[in-house]
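Q: Please take a close look at one pair of packed helices in this chain. How are the two helices placed, and which residues meet between them?

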Amino acid sequence: MSQVPAATRALRVLRFLAGQPDPVPLDRIMRACDLPRSTTYHLLHAMMAEGFVVHLVDEHRFGLGPAAFEIGSGYARQEPLQRIARRPLADLVDRVGQSAHLAILHGREVLYVIEERAPGRPPLVTDVGVRLPAHLTASGRAVLARLPARQVRALYPGAAEFVDRHGLGPRTPSQLRALLSDTRRRGYAVEDGEVTPGLASVAVAVLDHNEHPVAAVAVTYPDHADAAALPEAVRATADRLSRRIGGAPTS
């Protein structure tokens with residue numbers, strides 16, 4: 001343990017705290033990060049002094065502090081994933097001749113952050129800044145299929161959470177579970193006419209180092225087009241982005 005740099009230990013603690021829904025006690029941090037009590041205590045206090053950790057004295061728990069939020073906000077401001085994704089998405093469009101986009105999950109919606117339109121293709125509803133119901137889009141389904149089941153249940157506890165656009169798509173939690181199970185088995189997500197009649201999409205999630213879905217790459221095409229090669233092309237692009245952010249390929 002003495003040979004592990006202090007910065008590595010501190011980052012290990014921060015990463016653990018960032019993955020918890022609530023502040024946690026010292027003993028749990030020790031076990032999760034495989035650190036001695038004294039080391040954990042000194043690391044936490046050093047991070048408290050810098051504002052990265054707060055100590056809830058009455059609860060005997062530790063959580064992320066405002067400095068950690070500033071780091072996260074800085075990441076969002078710099079939009080590294082969007083910057084990294086532009087060239088691969090453009091390459092994907094050149095390869096398949098259809099429009100592609102990158103979307104992130106925001107609650108029960110997907111937010112489109114990049115669109116690369118293929119030459120001669122009409123504008124899509126999935127323009128940058130547009131939000132759509134995640135359960136109806138290929139991008140949303142690709143991300144939801146990689147989330148823990150309990151998180152999906154929290155997002156969709158009942159039928160009231162299922163927005164309808166064209167009378168298609170899942171209407172209940174059980175229908176969504178079945179659809180996401182099919183998506184995992186297939187290895188990519190699809191939708192056909194559920195967002196825009198006459199158009200279909202295929203999508204694959206981009207995964208971080210924890211195999212958590214941070215975004216999805218999708219291609220949208222006329223539903224009469226030959227789409228046999230699209231899933232592999234989209235998967236290759238998603239895997240390329242996953243590797244660029246230190247994650248693991250989906251395949």
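What follows describes the helix pair, then the chain around the pair.

A: This is a predicted model, in which local features need pLDDT of at least 70 and side-chain atom pairs count only at pLDDT 80 or more, while totals for chains, interfaces and linings use all residues. Residues are numbered from 1 along each chain as its sequence is written, and side-chain values use heavy atoms, with hydrogens and water left out.

The pair consists of helix H1, residues 6-18, and helix H2, residues 26-33. Helices (H or I, at least four residues) and strands (E, at least two) are DSSP runs, numbered from the N terminus. H1 and H2 pack at an angle of about 115°, and their axes lie 10 Å apart. The axes are lines fitted to C-alpha atoms over the stretch in contact, and angles run from 0 to 180 degrees between N-to-C directions. H1 and H2 are therefore roughly perpendicular to each other, a term that covers 65 to 115 degrees.

On the H1 side, Arg12, Val13, Phe16 and Leu17 meet Arg28, Ile29, Ala32 and Cys33 of H2; contact means heavy atoms within 4.5 Å. By class, this contact has 6 nonpolar, no polar and 2 charged residues. Ala, Val, Leu, Ile, Met, Phe, Trp, Tyr, Cys and Pro count as nonpolar, Asp, Glu, Lys and Arg as charged, and the others, Gly among them, as polar.

The chain holds 9 helices and 8 strands. Its C-alpha trace spans about 65 × 40 × 30 Å along the principal axes. Of the 251 residues, 44% are buried, that is, under 20% relative accessible area with a 1.4 Å probe, protein chains only.

Methods:
Angles under 35 degrees count as roughly parallel, over 145 as roughly antiparallel, 65 to 115 as roughly perpendicular and the rest as oblique. Buried means under 20% relative accessible area, exposed over 50%, partly exposed in between (1.4 Å probe, protein chains only).
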